Number of protein chains: 2
Amino acid sequence: MSPIEDLTRELQRLPGIGKRTALRLAYHLIKGEKEYIHRLARTLVRVADHIHPCPVCGNYCDGKLCSVCSDPSRDRGVICVVEEAYEVGAIERAGRYRGLFHVLGGRLSPLDGIGPDTLNIEGLVHRIEEAEAGPQEVILATNASVEGEATAVYLESLLRPHEVRVTRLARGIPVGSDLEYVDGTTIAEALAGRREM
Amino acid sequence: MSPIEDLTRELQRLPGIGKRTALRLAYHLIKGEKEYIHRLARTLVRVADHIHPCPVCGNYCDGKLCSVCSDPSRDRGVICVVEEAYEVGAIERAGRYRGLFHVLGGRLSPLDGIGPDTLNIEGLVHRIEEAEAGPQEVILATNASVEGEATAVYLESLLRPHEVRVTRLARGIPVGSDLEYVDGTTIAEALAGRREM
């Protein structure tokens, strides 16, 4: 098999990339600078060799601890629980959160065979139990999907015996959106969660 | 900069891949098997090191000549001219063409600074002039866009002095499409090119 076919086949294994896109990418790479291909390959190897989950929170890092866990200025009293590592970035970009994170590595989904043991849940309980000055609050920032909610409910019941406040992100109208286009369930949640002005 | 950010930045340079997709791809790679990342990197290096344009037709190959030019069973009497190398595959997949190819490497587009000298046009004229038993026919299979048509018109005028039949792909209704959704220009071309049943 020619290197072009090989490359097309490998690219097709990426999410959202079908045969036609893979072909287009392969030919784009071949037509472009060789130096870019080499740099991309080197970066891939560097990621494969050096990136690993942070032993404390499960976020990806290339050092001993991730940049949040190793930052002494972060508030150790709050842990924000997310499903996937890339969601840490979404919260960090919002620029408001100064606490720690905990990455589950997915969400409960029994139909896909993902139960509590598959996720990084034991690590979360461990962090709450073991820490001398444990966190006062755990924010459940799982997604607002059925599985995300189920995961949050499960975690809440698991953490209830511990002396820790368990909260979740507010549901409501996304900033900048027209009420007309917001679905009924979201409006119902926004009504239930209404606040004094 | 962390390897993840590096990888995201490199992936963003690919066509059709924005910041969000690049992030999603990077995290997908990191979450998956390391072996796949290494294999992808190796394939990229192999492509960069071994793939080059065929000296005869300009298609990409990893040998001395491309698979079409080196195939003795192909009809050397016809050359099909395409804009890009990946279009060779589109014609090959149709399974009807047994002649040779010639890849221009683009199309005339003066606004983008792409003139005849930028394209592999000299090579085409050379193939027609030099071959002992030159081709009897050149099929212009440039795209049915304004630039593609302009390129075909230019090539036709260039090849006219040579003893070679110059044809282009038929324009008409795409197989399987509803007349209702076909644009007027295509219908006009299909009418002009109508054939006896």
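Reader: What makes up the area buried between chain B and chain A, and how is that area defined?

Author: In this predicted model, about 4,500 Å² is buried between chain B and chain A, and carbon and sulfur atoms give 69% of that area. Buried area is the accessible area that two parts lose on being put together, summed over both, so the value covers both chains. The size of an interface is often given in this way.

Reader: Which residues of chain B lose the most area to chain A?

Author: They are Pro3(B), Leu44(B) and Tyr60(B), which together account for 14% of what the chain B side buries.

Reader: How many residues does the contact take from each chain?

Author: The contact takes 42 residues from chain A and 42 residues from chain B. To count as a contact, heavy atoms must lie within 4.5 Å.

Reader: Why is Glu10(A) called buried?

Author: Buried means under 20% relative accessible area. Glu10(A) has a relative accessible area of 5%, so it is buried.

Reader: Where is Glu10(A) found, and what does it touch?

Author: Glu10(A) is found in helix 1 of chain A. Leaving out residues up to four places away in sequence, Glu10(A) touches Tyr36(B), Arg39(B), Leu40(B) and Thr43(B).

Reader: Why is helix 1 of chain A described as largely enclosed by the rest of the structure?

Author: Helix 1 spans residues 3-12 of chain A, and 7 of its 10 residues are buried, so the helix is largely enclosed by the rest of the structure. The buried residues are Pro3(A), Ile4(A), Asp6(A), Leu7(A), Thr8(A), Glu10(A) and Leu11(A).

Reader: What covers the buried residues of helix 1 of chain A?

Author: The cover includes helix 2 (19-31) of chain A, along with helix 3 (34-50) and strand 2 (60-61) of chain B.

Reader: How does the radius of gyration of chain A stand against that of a compact globule?

Author: A compact globule of 197 residues would have a radius of gyration near 16 Å, whereas chain A has 21 Å. The C-alpha atoms of chain A fill a box of roughly 60 × 50 × 35 Å along the principal axes.

Reader: How many helices and strands are in chain A, and how do they run?

Author: Chain A has 7 helices and 6 strands. From the N terminus on, the order is α-α-α-β-β-β-α-β-α-β-α-β-α.

Reader: What share of the residues in chain A is buried?

Author: Of the 197 residues in chain A, 41% are buried.

Notes:
Residues numbered from 1 in each chain as written. Chains lettered and ligands numbered in written order. Predicted model: local features only at pLDDT ≥ 70, side-chain atom pairs only at ≥ 80, totals over all residues. Heavy atoms only, no water. Helix = DSSP H or I, 4+ residues; strand = E, 2+ residues; numbered from the N terminus. Rg over C-alpha atoms; globule rule 2.2 N^0.38 Å. Buried < 20%, exposed > 50% of the residue type's maximum accessible area, 1.4 Å probe, protein only. Buried area = accessible area lost by both parts, 1.4 Å probe.
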